Amino acid sequence: MEERYDIAIVGSGPAGLSAALNAKIRNKKFIVFGHKNLTNKLVKAPKVNNYLGFFGMTGENLKDKFEAHLNAMDIEVTTERINSIYAMGDYFALMANDKTYEAKSIILATGVEYTRPIKGEEQYLGKGVGYCATCDAPLYKGKTVTIIGHNKEAEEEASFVSELAELVYYIPMYKGPYNLNGSIEVIEDKPEEIVGDLKAKKLILKNRELETDGIFVLKDSISPGQLVPGLKIEDNHIGVDRLMRTNIPGCFAAGDCVGKPYQYIKSAGEGNIAALSAAQYLDQIKSN
């Protein structure tokens, strides 16, 4: 069992990193979950002109500034993917692959879930459909597995699965080149529906169908409503008040996942508020 943190921050974009900086300043024990490149959205930005003090920069330039600030503050990003979070009363349990993390409070800074679930995805989740290929790969030894990858990180998981499975189909939702084991069959097509009976058995693509024993959908993030059971969702965003509090005590949210405008400076400000609110929440429960 991992140590229990004061704050667990899910997301390493401007909102999550801003929250981390303020958690550090408030001397809280915290952990940040995110990506190696911090945020895929930021690095793709051709020009950023509305972030105060940093104008005429590319997203890659701004990411470098973020990394320099993190290094100066001795803050690390843990590149574990959080698949589910459960409110356990006086703490939260965060499930990441084969590990469980615990935190007294959480800050959701997951960004916007741009990819809608495939038809049948939610219906067969846990019944042949999963979000962590490395976790469940042993279940598919000698079988056929289909992996729908939304980012480069998915290639590592696909290669790992291919060492156990008889056949692996890889369906990239981005443009190559792809760094995959030679035994993996790459199919550039659009997934449209997952079908089966008690378990998922087939993936219907736009131009063909695949018989498969398991399907892994590897996205940048899953929707907050799936991530945290019981979380209030309003107009496809996490419902929060002015202090970034959600309907679940100890759970805060910031950034694009709470609503428009989808701008970096707005996200950073909300991350700041969320961290201060989390710190206040921790002080309150400590005094009770």
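**View 1. Strands β5 and β6, joined by five bridges.** Strand β6 covers residues 99–108 and runs antiparallel to β5, with five bridges between the two. Here, strands are DSSP runs of E with at least two residues, helices are runs of H or I with at least four, and both are numbered from the N terminus; two strands count as paired if DSSP finds at least two bridges between them. Look for F92, which sits opposite A103 of β6. The two strands make a hairpin with two residues between them, and N97 has a positive phi near 55° there.

A quick note on the model: it is predicted, so local features need pLDDT of at least 70 and side-chain atom pairs count only at pLDDT 80 or more, while totals for chains, interfaces and linings use all residues. Residues are numbered from 1 along each chain as its sequence is written, and side-chain values use heavy atoms, leaving out hydrogens and water.

**View 2. β5 with its other partner, β4.** Four bridges tie β4 (residues 84–87) to β5, again in the antiparallel sense. I85 faces L94 of β5 across the pairing. This hairpin has four residues between its strands, and G89 in the turn shows a positive phi of about 105°.

**View 3. How covered is β5?** Strand β5 spans residues 92–96, and four of its five residues are buried, so the rest of the structure largely encloses it. Buried means under 20% relative accessible area, with exposed over 50% and partly exposed in between (1.4 Å probe, protein chains only).

**View 4. A three-strand open sheet.** The strand order is β11-β12-β13, and the pairing is antiparallel. β11 (191–196) and β13 (209–211) are the edge strands; each has a single partner, so one side of each lacks a neighbour in the sheet. On average, neighbouring strands here are turned by 20° against each other, direction ignored; the axes are lines fitted to C-alpha atoms. Zooming in on β11 and β12 (residues 200–205), five bridges join these antiparallel strands, and I194 has L203 of β12 as its bridge partner.

**View 5. Stepping back to the protein chain.** The secondary structure comes to seven helices and 17 strands. Of the 288 residues, 51% count as buried. Among contacts (heavy atoms within 4.5 Å) with a separation of 6 or more, 55% link residues 24 or more positions apart. The C-alpha atoms fill a box of roughly 55 × 45 × 35 Å along the principal axes.

Terms used: Axes are lines fitted to C-alpha atoms, for helices over the stretch in contact, and angles run from 0 to 180 degrees between N-to-C directions.
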